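Subject: Handover of the structure

Hello,

Here is the structure I said I would pass on. My notes on it follow below.

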Amino acid sequence: MRHPNQTYYLLGHRAARAERLENCQDGFAYVQQLQKHGKQLDGVEFDVQMTADGKFVVVHDETLNRLARQQSWIADKTWVELDAIVQSDYRRFSQRFELGFLKHHVLLLDDLPPYLQHFRHIELEIKTHAKTQPASLVKNLLRLLSQEIWQALPITLTSFDTDILYQIHNQQQFLNFHFPTGLLLEPKTLEPKTTLASQIAFLPTPDAVGKNLILQTFNRACVLGCRQVGIYYPLITPALLEIAKIYGLTVSAWTVNEVDVAKRLIEMGVDCVITDYPTQFLTQLYDFNV
């Protein structure tokens, strides 16, 4: 449940990407305790990938290059190999000179539930790549999430990959539990090197062609069983939000790092704002309700 009069959720992106090293245990502990003016963060967004031995780690990039300065793919490493790796974000450290961006181990998804308690909304993004086998990945992930500790959490499973969402929709039909899902959307031009055929090219223009693209995409989301769409925030317009409402889809805006932009999006009617700066947003945004 949201706070009284609150019309949106506020989530920390990769826990608190601009305040602690992304997707690390320290970052999740930080946002869980984060409180400003009596307000607490509504939840978090984070990424998971499957290892070579079928474990799941909380990592965004498909390789270790950016944070560990290794060329290896996450999918080619076992959990034992990844557990020995130390990650640092020297670019963010050099900007802020904070030790919170340095020397953190890769986080195993199994170890995350204690840091997700008391949140109202959690978005677990499933990352994929050219080597991913969707059916196998989803089977392993749902086996992990079948544990009672996970089912007690308000998790929405999200992905850019429609093959993953299809597998979740198909496999959950035969289970006695169900996690809601969300389709993530961005222009393919943002990350062309990592775009898969199973991702939707979403760059609606302000005309009939653009409206038709929104209608087709949101209809596809519903066919996949999704209740939510997560959209790169510059693409969000009042017209898009009206169409989402017709389809019964909530809209999550990512990644919003300016408070004034967040206010405009909330006034438009977005349901969720994801930010790298949860401390600043808690201070400046929670007094803003529409």
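A residue is called buried here when its relative accessible area is under 20%. Phe202, with a relative accessible area of 0%, is therefore buried. Please keep in mind that this is a predicted model.

Overall layout

The chain has 11 helices and 13 strands. Its radius of gyration is 18 Å, close to the 19 Å that the globule rule gives for 290 residues, so the chain is as compact as a globular protein of that length. The C-alpha trace spans about 50 × 45 × 40 Å along its principal axes. Of the 290 residues, 54% are buried. If contacts are limited to residues at least 6 apart in sequence, 65% of them join residues at least 24 apart.

The accessible surface comes to about 13400 Å², and carbon and sulfur atoms account for 50% of that.

Aromatic residues

A search of the whole structure gives seven aromatic pairs. One of them is made by Phe202 and Phe218: the ring centres are 6.5 Å apart and the planes are at 20°, so this pair counts as stacked. The pair links distant parts of the chain, with Phe202 in the loop between strand S10 (181–185) and helix H8 (208–223), and Phe218 in helix H8, 16 residues apart. Is Phe218 buried or exposed? Phe218 has a relative accessibility of 0%, so Phe218 is buried, and Phe202 is also buried at 0%.

Elsewhere, Phe160, Tyr232, Tyr233 and Trp254 form one aromatic cluster.

Helix H8 has another residue to look at, Thr217. With a relative accessibility of 3%, Thr217 counts as buried. Leaving aside neighbours within four places in sequence, Thr217 is in contact with Leu183, Leu185, Ile200 and Phe202. Phe202 is thus a contact of Thr217 and the ring partner of Phe218. Thr217 and Ile243 are 26 residues apart in sequence, and their C-alpha atoms are 11 Å apart.

Which residues of helix H11 (residues 278–285) are buried? They are Pro278, Thr279, Phe281, Leu282 and Leu285. An α-helix has 3.6 residues a turn, so residues three or four places apart point the same way. The buried residues of H11 pack against several elements: strand S1 (9–13), helix H1 (25–33), strand S2 (35–36), strand S3 (39–40), helix H10 (259–268) and strand S13 (272–275).

In helix H1, the buried residues are Gly27, Phe28, Tyr30, Val31 and Gln32. Their cover includes strand S4 (43–50) and H11.

Leu165 lies in helix H7 (residues 162–172) and counts as buried, with 1% relative accessibility. What does Leu165 touch, not counting residues up to four places away in sequence? The list is Leu157, Ser159, Thr181, Gly182, Leu183, Leu224 and Cys226. Leu183 is also in contact with Thr217. Leu165 and Leu112 are 53 residues apart along the chain, and 22 Å separates their C-alpha atoms.

Ser136 is in helix H5 (residues 134–145). At 31% relative accessibility, Ser136 counts as partly exposed. Ser136 and Ile164 are 28 residues apart in sequence, while their C-alpha atoms are 9.9 Å apart in space.

Two backbone angles

Ala15 is not a glycine, yet has a positive phi of about 80°. Ala15 sits in the loop between S1 and H1 and is buried, with a relative accessible area of 0%.

Arg69 also has a positive phi, of about 55°, although Arg69 is not a glycine. Arg69 is found in the loop between helix H2 (65–68) and helix H3 (79–83). Is Arg69 buried or exposed? Its relative accessibility is 64%, so Arg69 counts as exposed.

That is what I have so far.

Regards

Note on methods. Residues numbered from 1 in each chain as written. Predicted model: local features only at pLDDT ≥ 70, side-chain atom pairs only at ≥ 80, totals over all residues. Heavy atoms only, no water. Helix = DSSP H or I, 4+ residues; strand = E, 2+ residues; numbered from the N terminus. Rg over C-alpha atoms; globule rule 2.2 N^0.38 Å. Buried < 20%, exposed > 50% of the residue type's maximum accessible area, 1.4 Å probe, protein only. Contact = heavy atoms within 4.5 Å. Areas by Shrake-Rupley, 256 points an atom, 1.4 Å probe, with all protein chains shown as cover. Phe/Tyr/Trp six-rings, centres within 6.5 Å; stacked < 30°, edge-to-face > 60°.
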